[in-house]
Structure formats: C-alpha cells, structure tokens
Amino acid sequence: MNKEFLQHMANGISLGSLYALIAIGYTMVYGILRLINFAHGDIFMLGVYLTFYGITYTSIPWYIVFILASVITGFLGVTLERLAYKPLRGSPRITILISAIGASFLLQNAGVLVFGGRPKAFPTPEVFNKVISIGEISVALVNFIIPIVTLILLVILNFFIQKTRTGMAMRALSKDYEAASLMGIDINNTISITFFIGSFLAAVGGIMWGIKYPQLMPHMGVLPGLKCFIAAVIGGIGSISGAVLGGFILGLGEILLIAFLPSLTGYRDAFAFILLIIILLVKPTGLMGEKIAEKV
Amino acid sequence: MKKNTVFNIILIALVLGILILMNVFLDNYKVTVINLCGIYIILALSMNLINGFTGLFSLGHAGFMAIGAYTVAILTMPVATKEMNFYMKPMVPFLLNLNMPFIFALISGGLMAALFGFLIGAPVLKLTDDYLAIATLGFSEIIRIVIVNLQSITNGSLGLKGIPKLTINNKPNLLWSWGIAILIIVFMNVLMKGSYGKAFKAIREDEIAARSMGINLFKHKVLSFTIGSFLAGIGGGLLATSLGTIDPTQFKFALTFNILLMVVLGGMGNINGNVVSAIVITIAMEALRFLDEPINLGFTVTSALPGLRMVVFSLILMLVVIFKKDGFVKNTLEKVRGKYAKN
C-alpha cells in the first residue's frame, strides 16, 4: 500500500460517491416509471448554477445557499415531471424517452441562453480548499467531506424508503405499478416525491462536484448524467444499493484506470460505456437487480 | 399500379429538372442549403428504417455518420492536403497514399459504417427499448472517442480540412446528394413493400407475435440495423464532402438529436413525412439562425441570444410528442390530402 495508491483511492471514492448520489435519481425514477430520465444530468447542472448565482450575487451565507439551491432544484425536478412526463403517462416508452431527450436539450440550450455559453468558475468557500493529511496521504478537505455527506444522505434515504408510508408506496409502485395503483396509492404524489428526492440528491452531488471540479458550463451535466445512468445500470437499475455500488465501481475504476495506465487517459470517457455494454451483454439485470420474467 | 409507376417516373424527372434549374439560377448559399436538405433526407430515412419501421430505438446514428464521413474524407483527400493536415503526427503511410474517385469512396464509407453496424448490432440488438437506446448511444460515443485518439489515422481532435467538394460552377452539385436521396427513397419504398419490410413492421408491432409467425427476429433486426448504418454512412460521407471540413465534435449526440427531430416530426415509419420534415427542418434551422443574433424589437435591440434557436427546436419536439402523438407532418399531410384528393 504505497502513498500514491491511497491518494488515488481517496480521489476515486469521492468521485464514486458523487456518481452514486446522482445515480440514485436515475434508479428511483426508472424503478417506478421505467423511464430513463435523460434530463437528470441537466437538473444536476441547474443545481450547480443556482448555487453559483446564490453565492455570487446574494449575501446569503454559503451553507444556506447550498440547502436552498438543493431544495429549489428538487422542485425543478418535480416541475419537469409534471410538464414533460406526466402528460405522456401510459404512452409507449419510446415516446416518453423522446420527450425526455427533448427536455434534456431544452434545459441545456436554455442554460446557454440564460447563463451564457462561456465557462464560469465555481465560487468555492475557503473552508473546502484546506488540505488535510492523515498519516501519509494529504488530500483536499472536500474529498473527505463528499463521502461523509453521501453516507449521511444514504442513511436518511434508506430510513425514508424502508420505514415511512411514502417509502413503502414507492417500493410498492416499483414492484407492481398496476396493483399498487389499485390499492389506493396516490401515484402522482409518490412520483412527485420520487422526482424531488432524485433531483435534490443530484443537486447536492452537483454542488460537491462544483467544489471538486470548479468549472461550470451549460453542458456540464451531459457526461456525468450518462455515466451515472451507466452506474445505475451496472448496479441493477431500480435498486438503490445497486446504484451506490455501481457509482463506486465506476468512480474508482475511472480514477485507477488513468492512474495506472496513463496511456489510456484519452479513453477515460469510453471506459464507462465499455463497462455498460459488457454488463448489458453478460448480466442485463445488473449486479444487484432482480430478474423480471416477461409476461406474454 | 402501372399508372402509378409512370406517375412516379414523371415526378422524379420533374424533381431532377427543378434541381438543375435551382443549381443554375439560385445563389451559392441557397444551393448549399438545398444540398443539405438532400443529405438530411438520406439521414432521416436511414434512422427511420431502424427506429420507425423496425421499432429499434437506436441513438447511435452520429457514430455511423462519423465512420462514413471519415472514410470518405480519407479516401478522397489528395496526398498533399493530407500531409498538410497531419502536422502534429504523420499519417499512416498506407492511408496517406490511398486515393479513389468519390463514388467508390462513398460506397466504401457506407460499407465501413455497415460493417461496424453489423459488428455492434449483432450483440446489442438482443436488448430492447431504452437499454438498446443507451447501448447504441454508448457505442456512438466510443466511436467518437476512438476517432479523437487515433491521431495517425483521423488526425484526432484537429479534424480534417480541405475535403474535395463536388461542385458545378463553384456551387454544390445538387444532383449528387439529391440523386442519391431519390435512389434511397425509391429503395425504401421497394423495401417496405416487400417481404422484408413487412417483417420489419411486424417486429415493430409485436415481437412475440412476429416470432410465432416464423419471422427470424435476430436476422431481421440485424439486417435493418446494418442497412440503416450503411445509409447513415453514405449520408455522413456526403455531409463531409459538402462541408469540406470535419472534426470529432460534429458527431456528438446533438447530431443524432437533429435527425431524431426529423424522424419524430415526420412520423415514425412514414417515408413521405420524413422527406418533408427533413427539408422543412433543414431550411428552418438555417432560416432561424437570426434567433441566435441580436433582434431588433423596434423600440430596443436585444443582445445576441445564442442557444435560442435550439431552445425553439427542442420545444417543438416536446410539444409535438406531447400533443400529437403520431407525427405532426403525417397528420398535416393527411389533412391536405383529404382536402384535395378525390378519395
């Protein structure tokens, strides 16, 4: 265990935590609606920009901006669902997917229009830049905070899903949509809450992403979005623990790939896609997904 | 039937005549846009074959276009131009000296795309719906990333400049793109009327029913995907010659999105609708360029608004999908036909 390896591990774990947070949004929505929410990556982008404007143009303390921006992004996710997906409920899946792709392009280009196409620098609060060292490794504080925040949010989410009535409704809906709706579950409400949680987590992930990689662009959500969807598929789409596992596999794999095979750095972004295709061909249900028998 | 054939031949001759007249009388910019229309017809039809007729939701179009475009560019560029392009890293000598007439290069581009379509399709087409969409999207990104990294073959992110254009009187020669587009329209009509086309549609409607009727699902899916990739490669090759320069950033997902827009607006699985929507959207994309620039509202001039044009197009796509679930142009065409046709 040399020093360099540990440093890469720390980096990989924090990237993996970010992927995990964003992947949860994909997996929860897919579990209930069987829809790839293509615009999820752009919701993530909106969260980062909201934080940027909150910190740069208001005098609100940064920690309150973080919370406000995450909550507002959550509501934006709900609005997206109401406008773009709800009218199409019950249509063929491909139709909804096209609407999702349209929504994604709409948000990106609206981002170019409103925020401007030039990259902006994320106003990272000073605290996060502190470098702390544990034993031999010295890493920026943010790399420690990211996994801790992720862990806390995961514990809360797990409690919510397992112990509350709404969480139970979500589980029921993803198990059997029709039967659950016949049992008197308020579908619209549950779906809205699902989108809220997913977008909220994406925004939290986005803010920490901004601290780690402080460059903002309207298209910044595309690649992380795709990768996190891949993470969700690797772990088994529909399963929250699967999404977390997939996020970590992807984040660690990516960092270790460029750390130990620097000649493949150019193929960094291809890594996720190759992993996706292998998983889909070998075990289409993902590592932790349940096998669903097709009814004729 | 026979009457119909005669009518179609007259129609094609008429279109060709109009194209020649446009080639002679319109200015360079307009001819370039009309040329693009022809290319986008090919691209829309190739995606329509896969997504519309066979019901395989593939999002990998940009990748196959990139393969076609790069093949055509490498095969048609003169040696001197290639040497000028590859100043960072010299080109592989075998490819450097390879050169052939445009038509063979174009066919090679199509075949190359078809080969990759076959290799990718064979394993991936076992997947359905959105899994297929994301896997094909992944492959198209992988193709793009490989193109960026294979610097001694593709010149990496620098792209290729100085691809020979097909011109007549210093204007793009419309007969190439539109001639091929018309050939492909005829081909698609013949294909879809035949047994293969019926099998494709059967797969789209209900895979299980099609299989129990004795249709070999795998064979037909791969066939449709490979033909679609071939046509995408041809379209990509024509795009490369008409633009004169290509680089990997052109072949991002946004390109697939533009073609998807045409297919959805024209109606999935509707040849005429797609031809119309390809022309309308290509012209609209050009005509609405003013949206990205400062607009004079009379009392005040807005500042430049980059992005507004694509906002408008993505809004149109979403509104069409949400409110007219069956393709906008198809419905409109039917309405017009109902008004003016006798039956």
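I began with the largest nonpolar core of this predicted model, and found that of its 189 residues, Leu276(A) and Ile42(B) touch the most other members. Looking up which element gives the most to this core, I noted helix 2 of chain B, residues 28-53, with 15 residues.

I then listed the contacts of Ile42(B): leaving aside residues up to four places away in sequence, Ile42(B) touches Ile180(B), Ala181(B) and Ile184(B), and also Leu231(B), Ile234(B), Gly235(B) and Leu238(B).

Next I turned to the contact between the chains, which takes 34 residues from chain A and 32 residues from chain B. On the side of chain A that touches chain B, helix 4 (93-115) and helix 11 (268-282) each supply at least two residues, and helix 4 of chain A gives the most, with 15 residues. Sorting that side of chain A by class, I recorded 25 nonpolar, seven polar and two charged residues.

I also checked helix 3 of chain B, residues 61-76, whose 16 residues reach 23 Å from the first C-alpha to the last, close to the 22 Å expected at 1.5 Å a residue. Is this helix enclosed or open? I found 16 of the 16 residues of helix 3 of chain B buried, so this helix is largely enclosed by the rest of the structure.

Last, I looked at a strand pair in chain A, where strand 2 (residues 131-134) and strand 3 (residues 137-140) pair in the antiparallel sense over four bridges, with Val131(A) standing opposite Ala140(A). These two strands form a hairpin with two residues between them, and Gly135(A) in the turn has a positive phi of about 60 degrees.

Notes:
Residues numbered from 1 in each chain as written. Chains lettered and ligands numbered in written order. Predicted model: local features only at pLDDT ≥ 70, side-chain atom pairs only at ≥ 80, totals over all residues. Expected span 1.5 Å × (residues − 1). Buried ≥ 20, exposed ≤ 12 C-beta atoms within 10 Å, placed from the backbone. Pairing = 2+ DSSP bridges. Contact = placed C-beta atoms within 7 Å. Nonpolar A, V, L, I, M, F, W, Y, C, P; charged D, E, K, R; others polar. Core = buried A, V, L, I, M, F, W, Y, C linked by C-beta atoms within 7 Å.
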